[in-house]
Amino acid sequence: MIEKINSLKAEIEGLTAADIQEVEALRIKYLSKKGEITALMQDFRTVPAEQKRELGQKLNELKTLATDRLASLREALENADTVDIDLDLTRTAAPMPLGTRHPLSLVKDEIISIFSRLGFTIAEGPEIEDDWHVFSSLNFAEDHPARDMQDTFFIQHHPDIVLRSHTSSVQSRVMEKNQPPIRIICPGRVYRNEAISARAHCFFHQVEALYVDENVSFADLRQTLLYFAREMFGPETKIRLRPSYFPFTEPSAEMDISCNLCGGKGCSFCKHTGWVEILGCGMVDPNVLEACGIDSKKYTGFALGMGVERITNLKYQVKDLRMFSENDVRFLRQFTSAH
């Protein structure tokens with residue numbers, strides 16, 4: 001038995017463990033009810049009386065050694081885990097509140113999601129553009145008011161370089177490089193030289209869509225608009241199209257939806273008309289197709305564009321456009337649960 005005790009003592013003195021699970025396994029091996037030290041304790045009862053004192057002392061020392069050794073291994077591993085944690089001593093003692101996505105981002109992503117279900121893919125382009133892609137390729141006449149300095153930001157000393165005033169420039173870039181079928185949605189920030197107020201800003205966000213293929217009709221446009229309106233504002237939403245004018249579409253229309261606050265009955269928000277304007281649209285002008293290298297006799301298409309701020313106003317009744325760009329956390333916290 002003395003040899004067995006000495007052998008176990010050597011084993012225990014050399015014990016190592018890589019993790020807490022290994023320490024527990026060693027405890028079971030040596031100190032559990034079926035462990036090796038417990039087995040020696042049971043064999044101790046058969047030891048002759050003259051050897052009991054010596055062996056009993058050695059067994060107690062062995063058990064104490066095993067207990068202390070396992071405890072030190074466990075403590076070392078627990079301390080090592082604590083040290084490895086990267087503590088940020090600048091953090092506040094109170095829990096830090098979660099942020100939220102910006103309301104414009106929430107609405108933009110929802111618009112993109114709706115059109116992606118119709119097969120539209122995202123296309124993007126530069127915010128600093130040339131005159132050709134912003135105006136000339138889109139059938140703007142040389143004397144069109146949009147070219148005036150009052151509406152467009154021009155880059156100093158570069159009269160042909162502007163901050164894009166609409167994301168239609170992305171459409172002309174895509175049409176130049178690709179032949180139909182084309183089915184894209186173009187989200188992005190745009191700039192116009194306007195006085196900042198509750199109803200206008202010098203920059204805002206647009207989402208435009210373009211579909212060009214053989215036999216695309218105004219009926220396709222209307223059905224797409226109806227699907228979008230009902231997905232965005234609810235299945236009971238109605239739409240109406242009013243004739244309008246845009247240089248790059250013919251025929252052109254503006255789309256209204258039934259007021260989502262009063263259900264079309266009339267209220268102060270819709271100025272008691274029951275309708276709220278949300279976007280412009282129309283069939284792509286043949287001149288635009290030809291300018292971008294697409295055969296207008298073979299292909300037709302429709303385009304539509306909306307302001308993200310406008311849609312966000314309708315969904316969340318935000319009456320002051322300036323709130324979207326002021327980063328007031330009191331305003332942004334209202335959208336914490338909206339993502």
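Predicted model: local features only at pLDDT ≥ 70, side-chain atom pairs only at ≥ 80, totals over all residues.
If you want to find the spot, look for Thr121, whose bridge partner in E5 is Ile184.

Next, the helices at the start of the chain. Two packed helices are described by the angle between their axes and the distance between the axes. For H1 (residues 2-13) and H3 (residues 36-43), the angle is about 160° and the axes are 11 Å apart. Angles over 145 degrees count as roughly antiparallel, and H1 and H3 are therefore roughly antiparallel to each other. The crossing of H1 past H3 is left-handed. On the H1 side, the contact uses Lys4, Ile5, Leu8 and Ile12, while H3 brings Glu36, Ile37 and Leu40. Sort these residues by class and you get five nonpolar, two charged and no polar.

How do H2 and H3 sit relative to each other, roughly parallel or roughly antiparallel? Helix H2 (residues 20-31) packs with H3 at an angle of about 10°, their axes 4 Å apart. That makes H2 and H3 roughly parallel, because the cut-off is an angle under 35 degrees. Lys29, Tyr30 and Leu31 of H2 meet Glu36, Ile37 and Thr38 of H3. This contact has three nonpolar, one polar and two charged residues.

Most residues other than glycine have a negative phi, and most peptide bonds are trans. Pro180 and Pro181, though, are joined by a cis peptide bond with omega of about 5°, and Pro181 is in the loop between H7 (168-177) and E5. Another cis bond runs from Glu250 to Pro251, with omega near 0°; Pro251 is in strand E8 (residues 249-258).

As for phi, Asn139 has a positive value near 75°. You'll find Asn139 in the loop between H6 (131-134) and E3 (154-155), partly exposed at 28% relative accessible area. His157 also has a positive phi, near 70°, and sits in the loop between E3 and E4 (158-163). With 70% relative accessibility, His157 counts as exposed.

Key
Residues numbered from 1 in each chain as written. Heavy atoms only, no water. Axes fitted to C-alpha atoms, helices over the stretch in contact; angles between N-to-C directions. Helix = DSSP H or I, 4+ residues; strand = E, 2+ residues; numbered from the N terminus. Parallel < 35°, antiparallel > 145°, perpendicular 65-115°, else oblique. Left-handed = near helix turned anticlockwise from the far one by under 90°. Contact = heavy atoms within 4.5 Å. Nonpolar A, V, L, I, M, F, W, Y, C, P; charged D, E, K, R; others polar. Pairing = 2+ DSSP bridges. Buried < 20%, exposed > 50% of the residue type's maximum accessible area, 1.4 Å probe, protein only.
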